[in-house]
Amino acid sequence: MEIGIENDMPTYSGGLGVLAWDTVKSFAKMKVPAVGVTLLNRRGYITQRLDDKGNQTDYDSFDWDIEKFLDPLSVSTKVQIEGQDVEIKVWKREVESELGGSIPVFFLDTNISENDERFRNITDHLYLGDQRYRFFQEVVLGIGGFRTLRELGFEPEVYHMNEGHSSLLTLELLKNENMNPDSVKRQCVFTTHTPEKSGHDTFSFELVSDVLRDYISISKLREFGGTDYLNMSLLALNLSRYSNAVSRRHGVVSKEMFGGREIDSITNGVHLPRWVSEKIGKIYDKYLPNWRKDPYQLRQAHTIPKDELWKAHKEEKKNLINYVNSQTSVDMDERVFTMAFARRATPYKRADLIFWDPDKLENIAEDKDFQIIFAGKAHPQDFGGKEIIRNIFSNIKKLSDKIKMVYLEDYDIELAKILTSGVDLWLNTPEQDREACGTSGMKAACNGIPQLSTLDGWWIEGHIEDVTGWKIGPEPGNKVEKKHEASEFYEKLENVIIPKFYTKKSEWGKVMLNTIAYNASHFHTERMVGEYISNAYSSDMFQLGNASI
Ligand SMILES: *Cc1c(COP(=O)(O)O)cnc(C)c1O
């Protein structure tokens, strides 16, 4: 549904879109014979504005110059919506690797004069609009995407549905395969990216039949997509030979969620050359010169002298603090221990767990100086997320005499880069079993920045206490209380983390090196794509997986 290529293209909302580009970039580098398909998202997601109380107003995202970023193609294709033809035009972006390979990504666009007025905006808004609008989009993405590939002359061996949004393609494939589900399964793999219910689109059969008409019988749809309503993830699961979640724990949680179905896991990664900052990259170039080609080289990070790493980090930190001070009046200090919490504002991510006990936080600040930067948009309909932003604003104000804190507007790729390379500690406090993976902590890790996080998503795999960072709360699957998580957060900050930062510089440097050696060397998209190739795409592997070994 989305891809986050660069800041001036508002064609993404958050982690899912950013990951899509990181993935395609690694495909290109590894010369995987693949192409990508997405919607144009002509009007993008939202622009966030916050007033002085933290009330979020959602504006349309900025206009972007499509022709500057994409090439129009002369092919077009059609889908039928509510019995009418809807013509789809195609744009292309060639994603090139500095190391040789290149992968095209196709953007589908219905804004053409031949189309009925009300169908022209189908590919305008990402994750906005009502159920019917969303289903129109998924018809264009799934069925239109499939037809576009055929029109362009591609005959994929494997269709990888990245989230359920594209899963109507299974129906088009089913029709192409004489309604034989086994033939469809052989060609499809599916990745689920969230354990959140709201992330799995469902549509009433009434709506579905009104939109699709005689395209397919509802009884066929019920067979694969759910009895009471059409569940897009279930449709994809039932018609794929292989499905996966995006971290090990998420695999366990997804399996429960989908009634014990076979769901493997492939933990996400980040594309290192995109997320390693300029200064840190130069240090890697000097000590691990092959790292851009072979990211596993970062395993040898311990050959980097700590003081050189520290110097590079300090420059990136200065860059961040200058940016914050240019945007706000908070007047942060580059010598002070700096943390950030930046991600979508939504209740389960709990950006405000830090303020469970504001007096305690103030108390810690009495003799241990720290400052905190927040950022993140709430989805326009996420009223709980918007409430969290207001709550953070009120706490920032209340504590402003004692602690320098700020909430930056309009979190985007550029801001993510500045933050994940400039802070001293990355914060992450999702509720247990709610975060599928989380990738921003990996972006921090590839700049040598450790994380303090609850044990969820990728952190269960990346965390070694006091070595690669710190955890709060219990091991997964154990009973958890918010109050204990909060008190553990304060405890670690006050007695372990901040003292280490100010008084044990060499130990701090070691944590930074460990973070690179253990986590940056592993949680990258080259490792991830490698796992997709061997575990998901390769049909021989699939047959092996089916045998009783
Ligand atoms: C990486 C990224 C995210 C995802 O962060 P999570 O840790 O997975 O929540 C969201 N938005 C932007 C702009 C990003 O770069």
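Analyst: We will go through domains first, then helix pairs. Keep in mind that the model is predicted.

User: Into which domains is the chain divided?

Analyst: The domain assignment gives two entries. Domain 1 covers 15–49 + 58–269 + 528–537. Domain 2 covers 272–523.

User: What separation do the centres of domain 1 and domain 2 have, and how many residues does each give to the contact?

Analyst: Taken over C-alpha atoms, the centres of domain 1 and domain 2 are 32 Å apart. Their contact draws on 26 residues from domain 1 and 34 residues from domain 2.

User: How is the size of an interface often given?

Analyst: It is often stated as the accessible area lost when the parts come together. Here, domain 1 and domain 2 bury about 2400 Å² between them. Carbon and sulfur atoms give 52% of that area.

User: Which three residues of domain 1 supply more of its buried area than any other three?

Analyst: They are Gln-48, Glu-196 and Arg-249. Together they supply 27% of the area that domain 1 buries against domain 2.

User: Now the helices. How do I read a pair such as H18 and H19?

Analyst: Start with the axes, then look at the residues. H18 spans residues 482–503, and H19 spans residues 505–520. Their axes come within 6 Å and cross at roughly 110°. Angles of 65 to 115 degrees count as roughly perpendicular, so H18 and H19 are roughly perpendicular to each other. The crossing is left-handed.

User: Which residues make the contact of H18 with H19?

Analyst: H18 brings Ile-497, Lys-500, Phe-501 and Thr-503. H19 brings Lys-505, Glu-507, Trp-508 and Val-511. By class, this contact has four nonpolar, one polar and three charged residues.

User: At what angle do H11 and H12 cross?

Analyst: H11 (residues 278–287) and H12 (residues 306–327) cross at roughly 160°, with axes that come within 8 Å. Angles over 145 degrees count as roughly antiparallel, so H11 is roughly antiparallel to H12. H11 passes H12 in a right-handed crossing.

User: Which residues meet there, and of what class?

Analyst: From H11 come Glu-278, Lys-279, Ile-280, Ile-283, Lys-286 and Tyr-287. They meet Glu-308, Leu-309, Ala-312, His-313, Glu-315 and Glu-316 of H12. The contact has five nonpolar, one polar and six charged residues.

User: How do H12 and H19 lie to each other?

Analyst: The axes of H12 and H19 come within 10 Å and cross at roughly 80°. That makes H12 roughly perpendicular to H19. H12 uses Lys-306, Leu-309, Trp-310 and His-313. Residues on the H19 side include Trp-508, Met-512, Leu-513 and Ile-516. The contact divides into six nonpolar, three polar and three charged residues.

Notes. Residues are numbered from 1 along each chain as its sequence is written. This is a predicted model: local features need pLDDT of at least 70, side-chain atom pairs count only at pLDDT 80 or more; totals for chains, interfaces and linings use all residues. Side-chain values use heavy atoms; hydrogens and water are left out. Axes are lines fitted to C-alpha atoms, for helices over the stretch in contact, and angles run from 0 to 180 degrees between N-to-C directions. Helices (H or I, at least four residues) and strands (E, at least two) are DSSP runs, numbered from the N terminus. Angles under 35 degrees count as roughly parallel, over 145 as roughly antiparallel, 65 to 115 as roughly perpendicular and the rest as oblique. A crossing is left-handed if the near helix is turned anticlockwise from the far one by less than a right angle, and right-handed if clockwise. Contact means heavy atoms within 4.5 Å. Ala, Val, Leu, Ile, Met, Phe, Trp, Tyr, Cys and Pro count as nonpolar, Asp, Glu, Lys and Arg as charged, and the others, Gly among them, as polar. Domain bounds come from an automatic or database domain assignment. Buried area is the accessible area (1.4 Å probe) that two parts lose on being put together, summed over both.
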